[in-house]
Amino acid sequence: MTAQSESSVTEGPTIVCISDTHNEHQNLQVPDGDILIHAGDFTRFGRPEHLQDFNEWLGTLPHQHKIVVYGNHEQNSRLEASRTLTNATFLEQGSVTLQPWGLKVYGTQFCWPCKGINPYWDQIEADTDVLVTHGPALGYVDGDVGCPALLQQIQKVRPRLVVSGHIHGAHGLADGKGRASGTRFVNAAICGTGYKAAWDPLVVQLDLSSPQLAPCSVAPPLHVGIW
């Protein structure tokens, strides 16, 4: 390994984040990067022709790794999506470790926000570096309608990065505070109103030179918002 490649591994990958493209992917200018993450709702209502076109488009992109989770628009076609998307790694309650960084990315299924315990969030692996989940956590680029149970699990696991979408008007980035310190939150929604592309992809450069915060052995109190 050369000095330059050793440096790039230490500095971490460049991650390009998109979500909620709703079959508008062909209109995007996608920046270069090491990893492309799509946090769901790549179709309108899970139409098969949208799945096929999205997969073909993914195949034209140069990113070394491409990660996709499904959103609520694909909830009834997620099995077909998992078979169709041959040009990406499709995650549903599972993880993949990306080389050369040894970066663990965990992707969840879609769940509506809940105030109580969500057993699917409990399955998020403790050594997750990047969490991809269609719906955002409460209080972070969520339009004040994110999931409190998801926030609780993020505070416990402490991933470096959380990529979501779903709330189109909440597009942006935020750094965690308090028990979520050390986590950067991204809402990568591309479409605005009327399923038309309104924002550009978001790019995050992960710094792997600083250690990831250790997971908490005890979950913090549940943060409950006003609904």
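A salt bridge is a side-chain nitrogen of Lys or Arg within 4 Å of a carboxyl oxygen of Asp or Glu. This predicted model holds 6 salt bridges.

**View 1. The salt bridge between Glu 24 and Arg 44.** The closest N and O atoms of this pair are 3.2 Å apart. Because Glu 24 lies in the loop between β1 (14-18) and β2 (35-38), and Arg 44 in the loop between β2 and α2 (48-58), the pair ties together parts that are 20 residues apart in sequence. Glu 24 is buried, at 11% relative accessible area, whereas Arg 44 is partly exposed at 21%.

**View 2. The salt-bridge network of Lys 104, Glu 125 and Asp 127.** Lys 104, in strand β6 (residues 103-107), meets Glu 125 at 2.8 Å, N to O, and Asp 127 at 3.1 Å. Glu 125 and Lys 104 are 21 residues apart. Asp 127 lies in the loop between α4 and β7, so its pairing with Lys 104 ties together parts that are 23 residues apart in sequence. Lys 104 is buried, with 15% relative accessibility; Glu 125 is partly exposed at 25%, and Asp 127 is partly exposed at 44%.

**View 3. Helix α5 (residues 148-157).** Of the 10 residues in α5, 9 are buried, so the helix is largely enclosed by the rest of the structure. Among the buried residues are Pro 148, Leu 151 and Val 157. Their cover includes α4 (119-122), β7 (130-132), β8 (161-164) and β10 (184-187). Arg 158, with a positive phi near 60°, follows the helix.

**View 4. The cysteine Cys 111.** A search of the whole structure finds 0 disulfides. For Cys 111, the nearest cysteine sulfur is that of Cys 114, 7.3 Å away. Cys 111 is buried at 13% relative accessibility.

Definitions and conventions. Residues numbered from 1 in each chain as written. Predicted model: local features only at pLDDT ≥ 70, side-chain atom pairs only at ≥ 80, totals over all residues. Heavy atoms only, no water. Disulfide = S-S within 2.5 Å. Buried < 20%, exposed > 50% of the residue type's maximum accessible area, 1.4 Å probe, protein only. Helix = DSSP H or I, 4+ residues; strand = E, 2+ residues; numbered from the N terminus. Contact = heavy atoms within 4.5 Å.
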